[in-house]
Amino acid sequence: MIYSFSMVFERYIKEVYPVRTGLTIAFIVVSILLSIVVLMQEGKENGLTGTLTGSTDTYWSKNKGHSKDAVIKMVTVVLAVLFFALAIVLSSKWVA
């Protein structure tokens, strides 16, 4: 009997490891989202202008906690914690 990839994959998802499959899919999604969010972050350097003039006290630097960067930083932390938690669970013997 010849098995196609979809038949084997369908049997694997339904019968063999449904919990591990779900966690693996979640792990892949979190990994991709974490990569995207990290690439969206801006650098921490002030640039050449800030170094030469010494002007690092701007409105942007004072209110950085309420900006888009603060939200991206929090999302990065949450996704990183999820990434490591899923990695530990997937590598453990608790999930069949």
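In helix 2, the buried residues are Thr-21, Val-30, Leu-34 and Val-37; buried means a relative accessible area under 20%, exposed means over 50%, and partly exposed lies in between, with a 1.4 Å probe and protein chains only. Helix 2 spans residues 18-40; helices are DSSP runs of H or I with at least four residues, strands are runs of E with at least two, and both are numbered from the N terminus. With 23 residues, helix 2 reaches 33 Å from its first C-alpha to its last, close to the 33 Å expected at 1.5 Å a residue; the expected span is 1.5 Å times one less than the number of residues. Ile-36 also lies in helix 2, but Ile-36 counts as partly exposed because its relative accessible area is 45%.

The model is predicted: local features need pLDDT of at least 70, side-chain atom pairs count only at pLDDT 80 or more, and totals for chains, interfaces and linings use all residues. Residues are numbered from 1 along each chain as its sequence is written, and side-chain values use heavy atoms, with hydrogens and water left out. The mean pLDDT of the protein is 78, and 61% of its residues reach 70 or more; pLDDT is the predictor's confidence in each residue, from 0 to 100. Confidence is highest in helix 5, at 93, and lowest in helix 3 (residues 47-53), at a mean of 55. Where pLDDT is low, the predicted coordinates should not be read in detail.

The protein has five helices and zero strands, and its elements run α-α-α-α-α from the N terminus on. Of the 96 residues in the protein, 15% are buried. Among contacts between residues at least 6 apart in sequence, 84% join residues at least 24 apart, a contact being heavy atoms within 4.5 Å.

Helix 5 covers residues 68-91. Its 24 residues reach 34 Å from the first C-alpha to the last, close to the 34 Å expected at 1.5 Å a residue. Buried in helix 5 are Asp-69, Ile-72, Thr-76, Leu-79, Leu-86 and Leu-90. An α-helix has 3.6 residues a turn, so residues three or four places apart point the same way.

The largest nonpolar core consists of six residues: Val-30, Leu-34, Val-37, Ile-72, Leu-79 and Leu-86. Such a core is a set of buried Ala, Val, Leu, Ile, Met, Phe, Trp, Tyr and Cys residues joined through side-chain atoms within 4.5 Å. Helix 2 and helix 5 each supply at least two residues of this core. Within it, Leu-79 is in contact with Val-30, Leu-33, Leu-34 and Val-37, leaving aside neighbours within four places in sequence. In soluble globular proteins, nonpolar side chains tend to be buried together.

Thr-76, in helix 5, counts as buried because its relative accessibility is 14%. Not counting residues up to four places away in sequence, Thr-76 touches Leu-34, Val-37, Val-38 and Gln-41. The C-alpha atoms of Thr-76 and Ile-36 are separated by 9.5 Å, although the two residues are 40 apart along the chain. Asp-69 is likewise found in helix 5 and is classed as buried because its relative accessible area is 15%. A search of the whole structure finds two aromatic pairs; rings of Phe, Tyr and Trp (its six-membered ring) pair if their centres lie within 6.5 Å, and planes under 30 degrees apart count as stacked, over 60 as edge-to-face and the rest as tilted. The rings of Phe-27 and Phe-83 are stacked because their centres lie 5.0 Å apart and their planes are at 20 degrees. This pair links distant parts of the chain, with Phe-27 in helix 2 and Phe-83 in helix 5, 56 residues apart. Phe-83 and Phe-84 form an edge-to-face pair, because their ring centres are 5.4 Å apart and their planes at 85 degrees. Phe-83 is partly exposed, with a relative accessible area of 23%, whereas Phe-84 is exposed, at 53%.

The segment after helix 5 contains Ser-92. With a relative accessible area of 16%, Ser-92 is buried. A polar atom of its side chain lies 2.7 Å from the backbone oxygen of Val-89.

Methods
Polar contact = N/O pair within 3.5 Å; in protein donor to acceptor, adjacent residues only side chain to side chain.
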